[in-house]
Amino acid sequence: MKKVLVLLLVLLIASFTVFAAGAGEAQTGGKKTITIGAESWEINKIFLEHAAQEFMAAHPDVTVEIVTIADQTKLSNYILDWGKGSTDVDLVFLDGGIFSAEYAAKGLIYDFEKDLHFFDDFPKSNFTAGSLETGLRDGAQMCLPAIYEVYGISINKAMFKEAGLVDAEGNPLPIKTWDDFVEFAEKLTKKDKNGTITQVGGSIQFGNNLNTILGAALYSQFGNVYAADGITFNVDNDFTRNMIRAWQKGIQSGALSQSTFVDNAGGRNGFKAGQIAMCYEAAGRWMEAVATIGTENLALIPIPGDFGGTICFGCQMVIPKASKNPELVCQFIKEAVYGEYSQTNAFTTYGKMSVIQKHFDAALEATPMWKGIADAMSKAKPMITYEESQKWLEGLDQIFQSGLVSTTTTPDDMVKQILDLSASIRK
Amino acid sequence: MQNTISFRKKARARWGVIFVIPTCVVLFVFVFYPICYTLVLSLNEYNFAYDMHMKFVGLKNFVDMFKDIQFLTALKNTLQFTLFMFVILVVLSLSLALLLFNKKRRSWLYRVSIFMPIVVPASLICILFSFMLADNFGIVNKFLVSIGLSGWSHNWLTDAKTARVWVIIVSVWGKVGFCTILFLSGLQNISQDMFEAAEIDGAVGWKKLIHIMIPNLTETFVVVGIWAILQCLKLFVTPNVLTKGGPANATLVMYQNIYNTAFNYFDMGYAAAQAFVLTALVMIFSLLNMKLSKGEN
Amino acid sequence: MARKQKLSFSIFVSAVLIVVSVLFLFPIFFCIFTSFKESAEIIRDITFIPHKWSSVNYDYVFARGAKYLRYYLNTIIITASSVAITLVLSALSGYAFARLHFRGSKFLLASILFLLAFPLCAILIPIYMMEYELRLLNSYLGIILPNLLCILPFSIFIMRGAFIDMSDELEDSAEIDGCSVPQTFFNIMLPLAQNALIIVLVSGFYNVWGEYTISKTLASKDSIMPISVALTLLKSEDWNYGVLAAAITLSIIPPIVVFAVFQDKLVEGMSAGAIKG
């Protein structure tokens, strides 16, 4: 025991003396350095390492460093850090942009248009429809999208064929209303002789993306998510009540999966596993299923509704005011992040759509599956991020998770609950 | 003689102070500022993402709490979980410790398998558990179907009742090993003489052993009790990863509610106030446990 | 008759233990096996033992793992330091609380219980702010101190419990022989508490090794980041279960090695304690 103690003490002392210097910053004499913070999936799927290499090759006097952000709660540290005027990152990638509201509220980030004059030599016409708007905060360009995504319904065509839900040419029959969706789901659901469900008709992401799920459904019907005041969800109408009634019916009969209640990835994994026939989530889900189901068995269809649009959301970039080299970072965005390699490969490999129109068009030619929702994509629009968005999201979660399984809660009750929730939060 | 005793007492007291000083320096100097800051926060309204300054509101946070359905749900769930988990943890680990203690030979393998779960990082293994329990492609349902019990397959985590049960099972799985170690070491501390004496008296079965063992485990019960209370009341990782508090808050616990309030809603004052309530709960239960364990003796 | 009863009882005990062991090990083996499966097998075929052993998940980890040696080293430094400090401090103060009664010891013990009870997540942001001011962020000391906060209070209770259970006679006779308090402590009492020290060591090791929340908040640089945080960087938008399983498997190898090494000591120390006590 004594030996162990002594050994540990020696290790302790050694660690302090040897590595005390390790915490110090390495100085890069003369060279300019920009540091980019992003989550690991963003580094992979937007090919940031490659972008950094490209940029450094073109500008030998610049070093680009990439730091991985462990998870989203890490971003709240930046509020404190930047508030004190210091930063260890010059450019941050935000997953969904909820945090940008907080940064903007405290005036911690640059306005790309007014402060940095980003569009002077990079006109807005370069961007695809709706994508640039995903970075607006109260009308100001506080964020720039790196890539964006839209919502759609990925379907398993083989299951549609089996259930007879195809036309003469083998194309899946169109889904025009939510009643259709649930009716299809019921036909696509299979049970064994004990009544255990072996194949689920559909999955809707009732987890923490309900904001967008609901928003996209409203937008696809009315061409606008919000009511006359421009900020409250337009749910007080028969369309919403019918939709909720249909969802309730689907959930209670087992035709719609409940797995997204607790596991946000439950729907996409079930779809990938070939157990779920329709998956209403971000439209890129079909790409993940190519390996297990095969491209020929997959299709992408638009969200039911009279207007036929979809919601888009971007992975956003912000530059803290504490950064010393905002111009250089802007140059990095224009040349590297918006460069051909990152933009086209993110689209063709991972379904993360390019925000730059010319790369978007090129990539769309390469992956025809997307044409299934091309019309909806041309009408894509982002949603408003509420200030207390997290409370809103969790409130919606609860309303739907308890309401959809309940036989006593009417769609009317749920609409009322949504409106009450909406009134109680800071927008 | 009286003098030497009091002199010894004084010397011992002096050494006692010297012995605890380094610990106090490390612990209290480091947390003094954070705890004071949190105390101040708990009396203020401060959303650190939007507000520039704190707003003093007195005890409003503490009063609001008991009108907040979310908090009350979390409180109720926490107490429920604590009740079940505490009993299961203590009973199971004590029985395992007794079994292992009784079985001296070849116990190596059993020890390893019971202690192994404490090695596994809880936050990661829970993701894997949620995968194993998934309704469509989880191995638990697949197993039930393959042995012909397809009627038993179930949406384990999306049904509020079974979700609660699984949160408890997974938590116990990860924690019972350490409790068993504590009990085992307590058992090993009981002197051999006592067992021999008992055996001479003709005690072979469990009953006599338990009569000797339980009374001698008082301090172990205090330590295990505190640890188990902490694990139960401060339960966080399992529900957070397994069910995220869902479905519809059925598995929301206090610690998680505090975490959400602080890191998702940025409502620092309210989070701080809730933290103090949780602390008070833990302390009350721990002191109760100490009193009860001592009383048994 | 008695022997027969004893035998059947022994079989019963073994049976219970075997069932429990299998239940406890199942998730771990499932994890290890899953790390050797390809995605299609994990999610579509749902097998237990892989039909086709594949290293694709480990390839994914190691392709991104050039810095992993550094992360392991960081974890080892943080864990070893925290555990060493905890062993020393908890033995000293545990002894003081158990046997050296001084004025205010009850109150101090209660304050330590308070620290034990306080939810760490509520003071994480103040700690961050304080470390920011003190320039402790992204330093080993900055992570070790809050880790001590997690493991030291409970270790004190373990050590206190161990010392309280000991008989007064040993101590008295030592002091009559002229030993000072520190001499008694180091030469006579501490060796008897070996058992508890091992428990403190093992529990401290596991707690710090797998600690995530603190390190995630206070360490953002590669030069300081421990393996528990680094492994979560492998997460894509969602976990690929194969990669996740590989990450878990990699992170449990060192603790298992420690356990295997200390297994002897653990049992030996415990039985030694039993004989001497």
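The numbered points below cover interfaces, domains, helix packing and strands.

1. This is a predicted model, and every remark here should be read with that in mind.

2. Start with the contact of chains B and C. Chain C contributes 78 residues and chain B 79 residues. On the chain C side, the elements giving two or more residues are helix H1 (2-34), helix H4 (68-99), helix H5 (105-117), helix H6 (120-133), H7, helix H9 (181-192), helix H10 (194-210) and helix H13 (241-276). H13(C) has the largest share of that side, 16 residues. By type, the side of chain C that touches chain B has 62 nonpolar, 14 polar and two charged residues.

3. One helix pair from these two chains can be described in detail. The axes of helix H10 (residues 218-233) of chain B and helix H7 (residues 140-164) of chain C come within 9 Å, crossing at roughly 170°. Angles over 145 degrees count as roughly antiparallel, so H10(B) is roughly antiparallel to H7(C). From H10(B), the contact uses Glu219(B), Thr220(B), Val222(B), Val223(B), Ile226(B) and Trp227(B). H7(C) supplies Phe154(C), Phe157(C), Ile158(C), Gly161(C) and Ile164(C). The residues of this contact divide into eight nonpolar, two polar and one charged.

4. Next, the contact of chains A and C. Here 28 residues of chain A are in contact with 31 residues of chain C. On the chain A side, two or more residues come from each of helix H1 (2-19), helix H2 (40-45), strand S2 (62-69), helix H4 (75-83), helix H10 (266-272) and helix H12 (290-293). H1(A) gives the most, with seven residues. The side of chain A that touches chain C is made up of 15 nonpolar, nine polar and four charged residues.

5. Within chain A, the domain assignment gives domain 1 (33-149 + 313-376) and domain 2 (151-311 + 384-424). Their C-alpha centres lie 29 Å apart. Across the boundary, 14 residues of domain 1 of chain A are in contact with 19 residues of domain 2 of chain A. Helix H5 (98-105) and helix H16 (374-378) of chain A are the elements that give two or more residues to the domain 1 side. That side divides into eight nonpolar, three polar and three charged residues.

6. H4(A) deserves a separate look. Which of its residues are buried? They are Leu75(A), Ser76(A), Asn77(A), Tyr78(A), Asp81(A) and Trp82(A). The cover over these buried residues includes S3 and H5 of chain A, helix H12 (254-263) of chain B, and H6 and helix H11 (213-218) of chain C. Just after H4(A), Gly85(A) has a positive phi of about 85°.

7. Finally, strand S3 (residues 91-94) of chain A. Leu91(A) and Phe93(A) point one way from this strand, Val92(A) and Leu94(A) point the other way, and all are buried. S3(A) runs parallel to strand S1 (residues 32-39) of chain A, and two bridges join them. In this pairing, Ile36(A) has Leu91(A) as its bridge partner. With strand S11 (residues 312-318) of chain A, S3(A) pairs in the antiparallel sense over three bridges. Leu94(A) stands opposite Gln316(A) in S11(A).

Definitions and conventions: Residues numbered from 1 in each chain as written. Chains lettered and ligands numbered in written order. Predicted model: local features only at pLDDT ≥ 70, side-chain atom pairs only at ≥ 80, totals over all residues. Contact = placed C-beta atoms within 7 Å. Helix = DSSP H or I, 4+ residues; strand = E, 2+ residues; numbered from the N terminus. Nonpolar A, V, L, I, M, F, W, Y, C, P; charged D, E, K, R; others polar. Domains from an automatic or database assignment. Axes fitted to C-alpha atoms, helices over the stretch in contact; angles between N-to-C directions. Parallel < 35°, antiparallel > 145°, perpendicular 65-115°, else oblique. Buried ≥ 20, exposed ≤ 12 C-beta atoms within 10 Å, placed from the backbone. Pairing = 2+ DSSP bridges.
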